[in-house]
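Here are some notes for a colleague looking over the coordinates. Please read them beside the display.

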Number of protein chains: 2
Amino acid sequence: MTDLSANNPHGIVLVSGGMDSCVTAAIALNEGAAAFLHVDYSQRTEARERLAFHQIADYYKIPSFFRKVITLDYLRSICCSALTDDSIPVPKFEKLEEEGNGEIPITYVPFRNAHILCMAVSWAETIGARRIYIGAVAGDSAGYPDCRPEFYEAFNKLVEVGSKAGRSLKVAAPLIKMSKKEIVQKGRELNAPLHLTWSCYEQSEKACGRCDSCLRRLRAFQEAGVVDPIPYENI
Amino acid sequence: MTDLSANNPHGIVLVSGGMDSCVTAAIALNEGAAAFLHVDYSQRTEARERLAFHQIADYYKIPSFFRKVITLDYLRSICCSALTDDSIPVPKFEKLEEEGNGEIPITYVPFRNAHILCMAVSWAETIGARRIYIGAVAGDSAGYPDCRPEFYEAFNKLVEVGSKAGRSLKVAAPLIKMSKKEIVQKGRELNAPLHLTWSCYEQSEKACGRCDSCLRRLRAFQEAGVVDPIPYENI
């Protein structure tokens, strides 16, 4: 296990509180990462996500000085997205829509992952971390341009030329080529606390089970032949 | 002159309030840009810089809906720099130090320009702007890694692969290869309001005349054979 008292943690994990970031944290901790970063960008589910973040961090015994929550409230003031604007309803479906139609969904927050990675780079430069882990998934993400492998390649080039750390600091997206089913399997293999995660685009006692994010998650557990340990509203 | 009532301004200019961003604004307005973005990252001179920003925006008659100030206060909470931390004194010099020693100065704010450009990209995606102008200068900037031409090339690649706009949105750094002397000359040629700008790393009634930024500015005016129109403390 990582020496959490070390002054220079090997890496920073971006932990939203969802399933993908939880499994990414499990992978990162195996590789020696010690710091958890959560970003509040005024998403409508922030309170629920932040609870999940702290519960996952507690599970992994991350001390408070390696556990940071950053508020990025300006994104809400400059962008329109169903994830940050309460007046735009989150789309609900009976079943998953066809994938790969090339359209960018209304839940897209312009350039969000670039902002979040920039924060991680600034923090990494300050605490001397050498790796940033993000739970981006290309295949079955919903067409967000900042979830593609090319985006992370381009971001690493930016870090290489534009930071003090240069080539010694890298962004890793260990799930990028996995399917959601494989992520569930990896999480169980590593004993990741999937029961503490929150994926729903709404927040209440139970997940809605009908937004795009819930439907993808449910399908992944079903394909992996495992019962999703969190409670759902409509199931 | 630009049609400032247009719904989709052609471009966004990052206006800190310093000389370089003022000259960049003059160039950008000639090319049709209409929106001004200022970022408050809790730098110690923010109040003075913001005043300069509004005075320059007034000079160019930028309406309030194309004039945006974004607060990015988390940078102060995660980074150490003489520009954001009051406990670190800004270095003062009798004369300009040798350049090109390869060291990154204490005034470096880790990855600052990447954060600022990300905000501009998110705003550009929202208002449909196609160009982002930044007054970065490679040659006589003080060794900041995020002022190099390679940084802007890498950032444009990131925008291309990671934003909705893709290749139709570009970052332009029109001063990147200019000397400070040429910037003064360009500003005068375009009738830019250099008398409204603030470059000093401290803030008071008059510029200190002894920080790295003041010394570079003063030398530029001297080389251009022009009197700097702002008042200085020690001159």
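In which sense do strand S2 (residues 35-40) of chain B and S3(B) pair, and over how many bridges?

1. Strand S2 of chain B pairs with S3(B) in the parallel sense, over 5 bridges. Pairing here requires that DSSP find at least two bridges between the strands. Within this pair, His38(B) is opposite Val69(B) of S3(B). Strands are DSSP runs of E with at least two residues, helices are runs of H or I with at least four, and both are numbered from the N terminus.

2. On provenance: this is a predicted model, in which local features need pLDDT of at least 70 and side-chain atom pairs count only at pLDDT 80 or more, while totals for chains, interfaces and linings use all residues. Residues are numbered from 1 along each chain as its sequence is written, and chains are lettered from A and ligands numbered from 1 in the order in which they are written.

3. The sheet of chain B is open and has 5 strands, in the order S3-S2-S1-S4-S5 with parallel pairing. Strands S3 (67-71) and S5 (170-172) of chain B each have a single partner strand, so one side of each lacks a neighbour in the sheet. From one strand to the next the twist averages 25°. Helix H1 (residues 19-30) of chain B packs on this sheet, where it touches S1 (11-14), S2 and S4 (131-133) of chain B. The direction of H1(B) makes about 165° with that of S1(B). Axes are lines fitted to C-alpha atoms, for helices over the stretch in contact, and angles run from 0 to 180 degrees between N-to-C directions. Contact means C-beta atoms, placed from the backbone, within 7 Å.

4. The contact between the chains takes 34 residues from chain B and 34 residues from chain A. On the chain B side, S3, H3 (74-78), H4 (112-127) and H5 (149-162) each supply at least two residues. H4(B) gives the largest share, 9 residues. By class, this side of chain B has 22 nonpolar, 6 polar and 6 charged residues. Ala, Val, Leu, Ile, Met, Phe, Trp, Tyr, Cys and Pro count as nonpolar, Asp, Glu, Lys and Arg as charged, and the others, Gly among them, as polar.

5. One backbone point concerns Lys61(A), which has a positive phi of about 55° although it is not a glycine. Most residues other than glycine have a negative phi. Lys61(A) lies in the loop between H2 (46-59) and S3 (67-71) of chain A. Lys61(A) is exposed, with 9 other C-beta atoms within 10 Å (exposed means 12 or fewer such atoms, buried 20 or more, partly exposed in between, with C-beta atoms placed from the backbone).

Conventions: Two residues are in contact if their C-beta atoms, placed from the backbone, lie within 7 Å.
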